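Me: I'm new to reading protein structures. Could you walk me through one, feature by feature?

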Amino acid sequence: VAKKEVGRKNIVDFSSQCAKNNDKFLIRINETKSKEFQKDLSLISTIKESNGIIGVVLPKAQSYEDIDMLSQFELPILPIIESALGVENLDDIARH
């Protein structure tokens, strides 16, 4: 977990540098069921102000609700489907 905190700080620093250079990036976060997910949402809130982030990669997406948890950021979401349930719900996920 300590490494994840260092990683989040590095992402904030990276985001600031991207803003200075007008660079853009995607961020991959933890799955919605992870205990780290809420911290990732806070991170997105922090770095969204830099205007460098252009989307969120969401691993293990299984439902529309997983995608909806990120809708508050008004960023493109790239779900990674890694389970049978995700495949089963693919139409709902894609409609989001």
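Predicted model: local features only at pLDDT ≥ 70, side-chain atom pairs only at ≥ 80, totals over all residues.

Me: Which residues of α1 are buried?

Reply: Start with the general idea: an α-helix has 3.6 residues a turn, so residues three or four places apart point the same way. Now the case here: R8, S15 and C18 are the buried residues of α1. They sit on the same side of α1, because the arc they cover around the axis is only 80 degrees.

Me: And which residues are exposed on the other side of α1?

Reply: Over there you'll find A2, K3, K9 and K20 exposed.

Me: How many residues does α1 have, and what span does it reach from its first C-alpha to its last?

Reply: Helix α1 runs over residues 2–21, so count 20 residues by the definition of a helix run used here. From first C-alpha to last, α1 reaches 29 Å, close to the 28 Å expected at 1.5 Å a residue.

Me: Let's do sheets. In what order do the strands come, and is the pairing parallel or antiparallel?

Reply: In general, strands of a sheet pair through backbone hydrogen bonds, either parallel or antiparallel. This open sheet has 3 strands in the order β1-β2-β3, and the pairing is parallel. β1 (25–28) and β3 (77–79) are the edge strands, each pairing on one side only. On average, neighbouring strands of this sheet are turned by 25 degrees against each other, direction ignored.

Me: Over how many bridges do β1 and β2 pair?

Reply: β1 pairs with β2 (residues 53–58) over 4 bridges, in the parallel sense. To see a bridge for yourself, find R28: its bridge partner in β2 is V57. Then look for helix α2 (residues 37–48), which packs on the sheet and touches β1 and β2. The direction of α2 makes about 170 degrees with that of β2.

Me: How many residues of β2 are buried?

Reply: 5 of its 6 residues are buried, so β2 is largely enclosed by the rest of the structure.

Me: What does T32 touch?

Reply: Not counting residues up to four places away in sequence, T32 touches F37, L58, D66 and M69. With D66 there's also a polar contact of 3.0 Å between the side chains.

Me: Where is E36, and is it buried or exposed?

Reply: E36 is in the loop between β1 and α2. With 5% relative accessibility, E36 counts as buried. Its side chain makes a polar contact of 2.8 Å with that of R8, and R8 is one of the buried residues of α1.

Me: What about N30: which side chains does it join in polar contacts?

Reply: N30 has its place in the loop between β1 and α2, and counts as buried at 15% relative accessibility. Its side chain makes a polar contact of 3.0 Å with that of K4 and another of 2.7 Å with that of D40. Leaving aside neighbours within four places in sequence, N30 is in contact with K4, R8, E36, F37, D40, L58 and P59.

Me: One more feature: phi. What is the phi of N22?

Reply: The general idea is that most residues other than glycine have a negative phi. N22, which follows α1, has a phi near 60 degrees, a positive value in a residue other than glycine. N22 lies in the loop between α1 and β1, and is exposed, with a relative accessible area of 58%.

Me: And what is the phi of K60?

Reply: Phi of K60 is near 55 degrees, again a positive value in a residue other than glycine. You'll find K60 in the loop between β2 and α3 (64–68). K60 is partly exposed, with a relative accessible area of 40%.

Terms used: Residues numbered from 1 in each chain as written. Heavy atoms only, no water. Pairing = 2+ DSSP bridges. Helix = DSSP H or I, 4+ residues; strand = E, 2+ residues; numbered from the N terminus. Axes fitted to C-alpha atoms, helices over the stretch in contact; angles between N-to-C directions. Contact = heavy atoms within 4.5 Å. Expected span 1.5 Å × (residues − 1). Buried < 20%, exposed > 50% of the residue type's maximum accessible area, 1.4 Å probe, protein only. Arc of directions from axis to C-beta. Polar contact = N/O pair within 3.5 Å; in protein donor to acceptor, adjacent residues only side chain to side chain.
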